[in-house]
Amino acid sequence: MLRLVADKVPEIYGFCHLLYNQPSVLKFENRMILSQEGPHQGDPLGPLLFCLSIHPDIVQLKSEYVAGYMDDLTLGGPTHVVAADIDHITAREKLTGLHINAAKCEIISHSPAPRASQFSNFIFLATHEAELLVAPLFTGSKMDAALASRHAELNTAINRLSLLSAHDALILFRASFSALKLMHTLRCAPCAEHPLLTKIDGLLRKGICAISNLDLTDLQWLQASLPVKEGGLGVRRVTSLAPSAFLASAAGTETLQQQLLLRSATAATTDSTVTSVRSTWSSVHGPLCPSGVIAHRQSSWDKPVITSERETLTSSLSDSSDKARLQAVRVPHSGDWLNALPRSACGLRLDDNTKHISDVYRVAVRTQSTC
């Protein structure tokens, strides 16, 4: 470890040498343990020192796909090539002090489990059961389970938020339990048009109705789900966000994907899931998709979606007072109260009645209160 620091990052070698040149004495009750291998637990430099130490072995692997995140290593390619890489890692165990934990290793394959001895103790997963960094890789049982888990968590949160004041509940609902809770999954997995997203939207609508003490119509829910600056309450519908989130993530990581798949014969092949989601987006918002650097930003994909929803809302309003209300709530700073933290000491916490009335005049002038 110290040798590689001296070679690759000599600027910090003196500091690292001071810390790790001699074994550290760890005391537990009346016993002493000498810490002689690897960086210390909790050392801010620990991740750098660990990755620096295993990097020379990682770059020697021959698999088409090689990606490491700390001590989690992912290899992809033909069975015999991946098996050879595992043999290489195993042969280096005595020198590096790192051992493969087969009980936690997974092998993901379209075909039946390979018979190579290197994989005998690995956990076999079909593609629809696989995930990487807590994101399902394909549609199927794993994606169903991930979205079902979020659905259950949201349902529990809604029941508990009813115990709080309306202002506090709305802030927590928007920041912690709405679409933001799902954003990692939406950006990493092709879950657009998944039926569970519609059910999650139903729960989001239920939560807004409970917090605001309203019974929103479909049109009023459409407005409530718009961003605050567009006249909504800022609780976005996940069915609306899913295509934009995935396409922005795919565009932003395209160069990195090509680098990771440089050895693969399919590196230049267009991802079919991206093509499918792009077609879904284009069928609603037109064939002109964001391109270049702007395609890396989710807002570039989301802006046409918001525009379309706002136009649908405007065209559905027949009463002039409703149209005037919609224009009024889109005026700059008209929704600042929705972004203010409910701090009583600063006079920023709205009581429940004031909060309910504010919501009524923002999204549901003609709606009956539920009590």
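Predicted model: local features only at pLDDT ≥ 70, side-chain atom pairs only at ≥ 80, totals over all residues.
Leaving out residues up to four places away in sequence, Glu309 touches Leu222, Leu226, Arg237 and Ser240. Glu309 sits in helix H14. Is Glu309 buried or exposed? Its relative accessible area is 9%, under the 20% cut-off, so Glu309 counts as buried.

**Helix H14**

Now select residues 298–316, which make up helix H14. How far apart are the end C-alpha atoms of this helix? They are 27 Å apart, and this agrees with the 27 Å that 19 residues should span at 1.5 Å a residue. Colour the buried residues of H14: Gln298, Ser300, Trp301, Asp302, Val305, Ile306, Glu309, Arg310 and Leu313. To see what covers them, show the helices around H14. The cover includes helix H8 (179–188), helix H10 (218–224), helix H11 (238–252), helix H13 (272–285) and helix H15 (320–329).

Keep H11 selected and hide the rest. From its first C-alpha to its last, H11 reaches 20 Å, close to the 21 Å expected for its 15 residues at 1.5 Å a residue. Of those 15 residues, 13 are buried, so the helix is mostly covered.

Next, bring up the largest nonpolar core, a set of 49 residues. Those with the most contacts inside this core are Phe173, Leu186, Leu204, Ile208, Leu216 and Val238. The element that gives the most to the core is H11, with nine residues.

Pick Leu186 from that list. Which residues does Leu186 touch, not counting residues up to four places away in sequence? They are Cys191, Leu197, Val238, Leu241, Ala242, Ala245 and Phe246.

Move to residues 65–69, strand E3, and residues 72–76, strand E4. The two strands run antiparallel, and five bridges join them. For one example, select Val66 and look across to its bridge partner in E4, Leu75. Then select Met70. This hairpin has two residues between its strands, and Met70 takes a positive phi near 55°.

**Ile107**

Go on to strand E5, residues 106–108, where Ile107 lies. With a relative accessible area of 13%, Ile107 is buried. Show its neighbours: apart from residues up to four places away in sequence, Ile107 touches Pro114, Phe119, Phe122, Ile123, Phe124 and Leu125. Ile107 and Arg349 are 52 Å apart in space and 242 residues apart in sequence.

**The whole chain**

Finally, zoom out and show everything as a cartoon. The chain has 17 helices and eight strands. Why is the chain described as more spread out than a compact globule? Its radius of gyration is 27 Å, well over the 21 Å that the globule rule gives for 371 residues.

Switch to a surface view. The accessible surface comes to about 21600 Å², and 57% of that belongs to carbon and sulfur atoms. Of the 371 residues, 38% count as buried. Contacts can be viewed by sequence distance too: among those between residues at least 6 apart in sequence, 59% join residues at least 24 apart.

Methods:
Residues numbered from 1 in each chain as written. Heavy atoms only, no water. Pairing = 2+ DSSP bridges. Helix = DSSP H or I, 4+ residues; strand = E, 2+ residues; numbered from the N terminus. Expected span 1.5 Å × (residues − 1). Buried < 20%, exposed > 50% of the residue type's maximum accessible area, 1.4 Å probe, protein only. Contact = heavy atoms within 4.5 Å. Core = buried A, V, L, I, M, F, W, Y, C linked by side-chain atoms within 4.5 Å. Rg over C-alpha atoms; globule rule 2.2 N^0.38 Å. Areas by Shrake-Rupley, 256 points an atom, 1.4 Å probe, with all protein chains shown as cover.
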